[in-house]
Amino acid sequence: MPENDRLDPAEGPADSGAPMDLHDQLQYQVAIFARRVEQARIGGLGEQRNSMDRAAFLLLNRLNWTGPVGVKALAQAMGIDSSTVTRQVAPLVDCGLVERVPNPDDGRAVLLELSDQGRARLEEVRASRRELMRMLTDDWSEEDQQAFCTLLTRFNLAIKAHHRTS
């Protein structure tokens, strides 16, 4: 690993002088990334910092992309179980970010839909997080930013695929 890419020695294994295996480096960097994300909560800037937890952010984004959807379909799309979606969406309904609307195909069922307030709130948080991402990658070339996004997406898809098979 190049010298300028080394982390603080207090954050990593003692430097024995032996080169680290690429997969050891990768798992270590992923662990550091997870810690730093949790510490910073990559929540945005200003008033929006830490203003929306990860579960709410992911649920609101999914509802924004899909439109009204049932709990089971939402859970399946997010790769979590229905009881988790039900538990996570309840406070979002209570505070008016998500609405339960009648299912036009089945009058006994309801769908979850992003409310106008939820859509506005999501955009506030997205804007703040976009600005944070701009700041963190300001000195990266556009190609590096795109490559990072592509590789991170690929990595997340590999984790998802592995989770399904294990």
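A salt bridge is taken here as a side-chain nitrogen of Lys or Arg within 4 Å of a carboxyl oxygen of Asp or Glu. By this criterion the side chains of Arg130 and Glu123 meet in a salt bridge, with an N to O distance of 2.6 Å. The structure is a predicted model, in which local features need pLDDT of at least 70 and side-chain atom pairs count only at pLDDT 80 or more, whereas totals for chains, interfaces and linings use all residues. Residues are numbered from 1 along each chain as its sequence is written, and side-chain values use heavy atoms, with hydrogens and water left out.

The chain has six helices and two strands, these being DSSP runs numbered from the N terminus, with helices of type H or I spanning at least four residues and strands of type E at least two. Read along the sequence, these elements follow the pattern α-α-α-α-β-β-α-α. Of the 166 residues in the chain, 24% are buried, where buried means under 20% relative accessible area, exposed means over 50%, and partly exposed covers the range in between, computed with a 1.4 Å probe and protein chains only. The accessible surface of the chain comes to about 11,800 Å², of which 55% belongs to carbon and sulfur atoms; such areas come from the Shrake-Rupley method with a 1.4 Å probe, and for residues only the protein chains shown count as cover. Among contacts with a separation of 6 or more, 48% are accounted for by residues 24 or more positions apart, a contact being defined by heavy atoms within 4.5 Å.

The two strands are described next. Strand β1 (residues 98–103) is joined to β2 by six bridges, and the strands run antiparallel; strands are said to pair if DSSP finds at least two bridges between them.

In soluble globular proteins, nonpolar side chains tend to be buried together. A nonpolar core is defined here as a set of buried Ala, Val, Leu, Ile, Met, Phe, Trp, Tyr and Cys residues joined through side-chain atoms within 4.5 Å. The largest such core holds 19 residues, of which Leu60, Leu63, Leu74, Leu92, Val98 and Leu112 touch the most other members. The elements that give two or more residues to this core are α2 (54–66), α3 (71–78), α4 (82–94), β2 (106–114) and α5 (116–136), and α2 gives the most, with five residues.

Leu112, placed in strand β2, is buried, with a relative accessible area of 2%. When residues up to four places away in sequence are not counted, Leu112 touches Leu63, Gly67, Pro68, Val69, Val71, Leu74, Val85, Val89, Val98, Glu99 and Arg100. Although Leu112 and Arg100 are 12 residues apart along the chain, their C-alpha atoms are separated by 4.8 Å. With the exclusion of residues up to four places away in sequence, Val98 touches Leu60, Leu63, Val89, Leu92, Val93, Leu112, Glu113 and Ser115.

The structure holds five salt bridges. Glu124 is partly exposed, with a relative accessible area of 40%. The side chains of Asp116 and Arg119 likewise meet in a salt bridge, at 3.7 Å from N to O, and both residues lie in helix α5, three residues apart, or about one turn of the helix. In this pair Asp116 counts as exposed at 66% relative accessibility, whereas Arg119 is partly exposed, with a relative accessible area of 37%.

Ile159, which lies in helix α6, is partly exposed, with a relative accessible area of 44%.
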